[in-house]
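Please find my notes on the structure below.

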Amino acid sequence: MTEKPIIAPPADRSAWLEARPACLEPPGATPRHPFRLVLLGPPGVGKGTQAARISAWLGACPLSTGDVFRHAKATETTCCSPAMTKALEKMSRGELVDDAIVLDLIRERTTCLRCGFGFCLDGFPRTVEQARRLDVLLAELNRPLHAAVDFTLPREKLLRRLSGRRTCPKCRRGYHLETSPPRREDHCDDCGEVLQIREDDRPEAVAVRLEAYAATADPLLAYYEASGRLIRIEAEKSPEAVFRRTVRTLRARFKEAPPEPWKQSET
Ligand code: AMP
């Protein structure tokens, strides 16, 4: 598939991470396919990788609730309310954070959801309650969701992917010991920092996360299926192949009624 280059993507993720104001429509940039998407699927399926690719395709910032919590954790001593401190304890154990806290966090970031380039949410919603509240919020903003993309992978492959993940604590670059190892063992290619295992990728937390996913996934998938917005993508192949399949599927599904600016600029 030939893709035109992406035009001036908005990339101020600090607005998302810290709930600060951000530009809605960067001057001179034209959104080409402003889909509003949520990404679903178990931990380890590659949602973060796909979120980065899909967001670049949209020209929007990748928006991850897990990243908001990890960012809060990194600045814990200066930033955190008692509620956030409790949320971070849950995250460290691999448990889901309470809906009320996650929903407050989303509401504080509506600027990003109104982005003219669309959005791609990674890690939210995780429960039917979160999905319902997101729909209400998006209806208020007049920006309804186009699709929920569910990535699937067998459990043994999920465990392999999770156990090999490493992250640079300084620049946040991600590696995988099998599929994208660093050039020098255990060190970041870009900044030389010693790589870390994410706290919630440790085996005891992984088991809790997979259980939490299994407990909430079916009703959430049913919620989106019932409203005709569920798209299932099998995620065994390479990240690039999975990305291409996702784009192809979205284009096919929205052929008759693509998101507005896409319709104008793709002709
Ligand atoms: P992730 O990077 O999406 O796997 O998220 C890391 C952790 O952040 C999860 O294991 C939860 O503890 C917390 N978290 C992120 N998003 C949510 C959410 N939508 N609902 C509840 N907890 C969340």
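**Notes on the predicted model**

1. The model is a predicted one. The ligand has 16 residues around it, and those that come nearest are Thr65, Arg70, Glu95, Gly123 and Gln130. By class, the shell around the ligand holds six nonpolar, four polar and six charged residues. Helix α3, residues 65-74, gives the most to this shell, with four residues.

2. In Arg70, a polar side-chain atom lies 2.9 Å from an oxygen atom of the ligand. For Arg126, an N or O atom of the side chain is 3.1 Å from a ligand oxygen atom. Arg209 places a polar side-chain atom 3.3 Å from an oxygen atom of the ligand. The ligand taken alone exposes 480 Å², and the protein buries 95% of that.

3. On the overall fold, the protein has 12 helices and seven strands. Of its 267 residues, 47% count as buried. Among contacts in the protein with a separation of 6 or more, residues 24 or more positions apart account for 71%. The protein exposes about 13400 Å², of which carbon and sulfur atoms supply 53%.

4. The largest nonpolar core has 38 residues, and within it Phe69, Leu113, Leu121 and Tyr224 touch the most other members. With neighbours within four places in sequence left aside, Phe69 is in contact with Met84, Ala87, Leu88, Met91, Val97, Ile101, Val102 and Leu105. There is also a second, separate core of 29 residues, which includes Phe35, Leu158, Ile231 and Leu250.

5. Which residues does Asp201 touch, not counting those up to four places away in sequence? They are Leu162, Arg165, Val206 and Arg209. With Arg165 there is a polar contact of 3.0 Å between the two side chains, Asp201 to Arg165. Arg209 has a polar side-chain atom 3.3 Å from a ligand oxygen atom. Asp201 sits in the loop between β6 (174-176) and α10, and it counts as buried because its relative accessibility is 5%.

6. Thr216 lies in helix α10, residues 203-226. Is Thr216 buried or exposed? Its relative accessibility is 17%, so Thr216 counts as buried. Apart from neighbours within four places in sequence, Thr216 is in contact with Leu96, Arg126 and Thr127. Arg126 is also one of the residues with a side-chain N or O atom facing a ligand oxygen atom, at 3.1 Å. The side chain of Thr216 reaches the backbone oxygen of Ala212 at 3.1 Å. The C-alpha atoms of Thr216 and Val128 are separated by 7.8 Å, although the two residues are 88 residues apart along the chain.

7. Thr167 is found in strand β5, residues 165-167. Thr167 counts as buried because its relative accessibility is 16%, and the cut-off for that class is under 20%. Leaving aside neighbours within four places in sequence, the contacts of Thr167 are Arg172, Arg173, Leu195, Gln196 and Arg198.

8. Arg20 belongs to the loop between α1 (13-18) and β1 (36-40). With a relative accessibility of 42%, Arg20 counts as partly exposed. Not counting residues up to four places away in sequence, Arg20 touches Ser14 and Ala15.

9. The peptide bond from Phe124 to Pro125 is cis, with omega near 0 degrees. Pro125 lies in the loop between β3 (119-122) and α8 (128-140).

10. Two residues other than glycine have a positive phi in this model. Asn142 has a phi of about 60 degrees, and for Asp186 the value is near 65 degrees. Asn142 is in the loop between α8 and β4 (147-152), while Asp186 is in the loop between β6 and α10. At a relative accessible area of 62%, Asn142 is exposed; Asp186, at 35%, is partly exposed.

How values were computed: Residues numbered from 1 in each chain as written. Predicted model: local features only at pLDDT ≥ 70, side-chain atom pairs only at ≥ 80, totals over all residues. Heavy atoms only, no water. Near = heavy atom within 4 Å. Polar contact = N/O pair within 3.5 Å; in protein donor to acceptor, adjacent residues only side chain to side chain. Areas by Shrake-Rupley, 256 points an atom, 1.4 Å probe, with all protein chains shown as cover. Nonpolar A, V, L, I, M, F, W, Y, C, P; charged D, E, K, R; others polar. Core = buried A, V, L, I, M, F, W, Y, C linked by side-chain atoms within 4.5 Å. Buried < 20%, exposed > 50% of the residue type's maximum accessible area, 1.4 Å probe, protein only. Contact = heavy atoms within 4.5 Å.
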